[in-house]
Amino acid sequence: MHAAKGTRSAALVSRHGPTCRRVAQSLGAAGVAVHTSPFPSELPVDNLGDVVALLVDLDVSPGEAPALLVAEARRRYADVPLMATAGVDARARLLDALCEADVNHVIPKRGALTLPRGGMPVLGSLEGPDEHDLFAAVRRLLDGPESPGVTPYLLAGAPVHEVSVRSSQDKDAALESVVGFGDSMGLTGEKLRRVELAAEELLMNALYDAPRNADGRARNAELDRREPVTLGADETVHMRYGCDGQTLAVAVADPFGSLSKKAVTDRLRKVRDGIPKPNAGVAGAGLGLVMTYSVANQLIFAVSPGRLTEVTAVLHVGGSNRAAQERGTAVHFYVQHSDGEGSGGW
Amino acid sequence: MAGASSSGVRSLGRAAIVARHPSTLKHAAQALAVANLSSRQAIGPSFLPRSAPGEFELVILDLDIDASAPPVELCAQVAAACKDTPIVVVAGLNARHRLVQALAHPDVVGAVPKIGAWSESAANEAKLEGPDEQALGLGLRRRVERATQPSGPAPYLLAGTPIEERVIGGSADKEEALQALLADAARFGLSDEKIRRIETAADELMLNAVYDAPRDERGHPLYADIDRRTPVVLAAQAQVRARWGCDGRVFVVSVADRFGALARATVGAHIQRLLDARSPRLARGGAGVQERSGTTGGAGLGLVLTYSAANQLALQVVRGRFTEATASLHIGGSNRAAVARGSALYIYD
């Protein structure tokens, strides 16, 4: 298998027809040629040109631990951003891949979450991963800016609103503006609650969990969330949100860059292992992130250590709320290394 | 202190919506919000307030409010209350037929099927969903924004989607552009049926722009009556701009000419040929979406074919300056599902 020099390629491990088609379409649209192998052991090791992503369909071996499957694929491509998709027992296996392996992007297949947990589905009932999700993820890997806000997840030209936040009081006003926006979009009930919950948790994270002292230690993380905080003039948090009629996205960026993938996966393990009961107002449990994961259809973390963290929640608001929830949650983690060139960069 | 700002939003305008179907009201509300329009609901045309031109940016009319009434009659009732106000019709019951019929009314600038209503005719409203919120929202937003330049495919695609562009200076360039577009589409691993739909839409739009759009200084068509196999070379000021892009879910092709000769009535008349018991192919006397002057008798086959192949067809006209036709085709999921989404039509003039 050969590719012209300079051609951008991706390697896909899958033998699920709809997955192969959707990946080829989405990555092809992003300018990336896809080379497919049915097993990790059969991945071509060279001549693929500039390999920009390695995507593993965990359904190729549903009985095998995701970390093992991924590790086998990883041996062939050492420094390429790794993505995983799954339909069989999707939520648990994708979280396994994210938490226990060096996978930075997990995307459930459409229809996966309507399957009985642990049950063997008829693979014909599964679709591939969401095309827009894949497309946006790969575009961002290729050349995304470090803080694009919500734009990559909405149709071009969709109006984007921005709010600056420096204090708990500002947070309340910002939250009101997002909820008012959702309300103006005709969102009601559960849909509006999902938007509110995601926005509030992202803002809380930026105000309480993100701020660091000069020595890099968490400044507000141990505070009761009901205790007001105010950030410095150069520590302003920016929230952006927009909606194109089908997708509503909220992004919150702070200038601390203190979030690590480990912190995220430590919290997401709680989803896999069972959510702990919250203690009112107590910080640090990571429950906010867990709740955001449960209401969003995509959760995107972009971190430039010491400089910037942007967390974006993408929510499907077209059709019924139930259908949106059944789409599941993709998670993407982008880390910009200080030299800008590190492995798994944007 | 929180500071708020937004980009790309015009001041809040008003729209009226004539509907009773809960799902349609819900979907339309989301779509109107995308266009930054507040809405006033009426359960029938007779409940609309009398309004002066411009008071409402547009009226959304659900033809299912009276599935037995002729669509043009319903539109006329709306027009009587809201004079000179653009009407966007939506329908789920006998959708294809009734939407096309509605295009005969001069105020109709949009025809949008409800989700799932195109290939299977629902017996009652209860089983229907509303129109696609995203597509309708975009359609309304474009109308409110009133762009004075060709918008191209970008509004239909995720932000940041790469756009390919070719300038077409004649029939040879047209062929080269079409092949480049098809080569792009082939890279995505699309099925043959999807490729065929894309090819049909792109070919017809380009043919129209090269053969039907060019006019002489008196406004008469230059090449409309010649055989499409006859090579033509366009003057520098008549060159055509073709753009396309794909975000994995939607493939969009836009073709713009520099004449701006297309009229709303012509579009309606051509599309209504779909209702003719005879195939539009039988009536072919020259393809084209451009307004024909005199008796050249174009069948508008290109427009009909493009409309049938596309999930959205948007026609933007700035008279005397340009006409841009944009066809948006769903390529995510199966081709059958894409075709079942039906065809929406928007005219921006």
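In which sense do strand 2 and strand 3 of chain B pair, and over how many bridges? In this predicted model, strand 2 (residues 13-18) of chain B runs parallel to strand 3 of chain B, and 6 bridges join the two. Here, two strands pair if DSSP finds at least two bridges between them; strands (E, at least two residues) and helices (H or I, at least four) are DSSP runs numbered from the N terminus. Within this pair, G13(B) lies opposite L37(B) of strand 3.

Residues are numbered from 1 along each chain as its sequence is written, and chains are lettered from A and ligands numbered from 1 in the order in which they are written. Local features need pLDDT of at least 70 and side-chain atom pairs count only at pLDDT 80 or more, while totals for chains, interfaces and linings use all residues.

Turning to the whole sheet, chain B holds an open sheet of 11 strands in the order 3-2-4-5-6-12-10-11-9-8-7, with mixed pairing. Strand 3 (37-42) and strand 7 (163-168) of chain B each have a single partner strand, so one side of each is left without a neighbour in the sheet. From one strand to the next, the twist averages 15°.

The interface comes next. The contact (C-beta atoms, placed from the backbone, within 7 Å) takes 40 residues from chain B and 39 residues from chain A. On the side of chain B that touches chain A, strand 1 (4-7), helix 1 (22-34) and helix 4 (133-145) of chain B each supply at least two residues. Helix 1 of chain B gives the most, with 6 residues.

Terms used: Axes fitted to C-alpha atoms, helices over the stretch in contact; angles between N-to-C directions. Contact = placed C-beta atoms within 7 Å.
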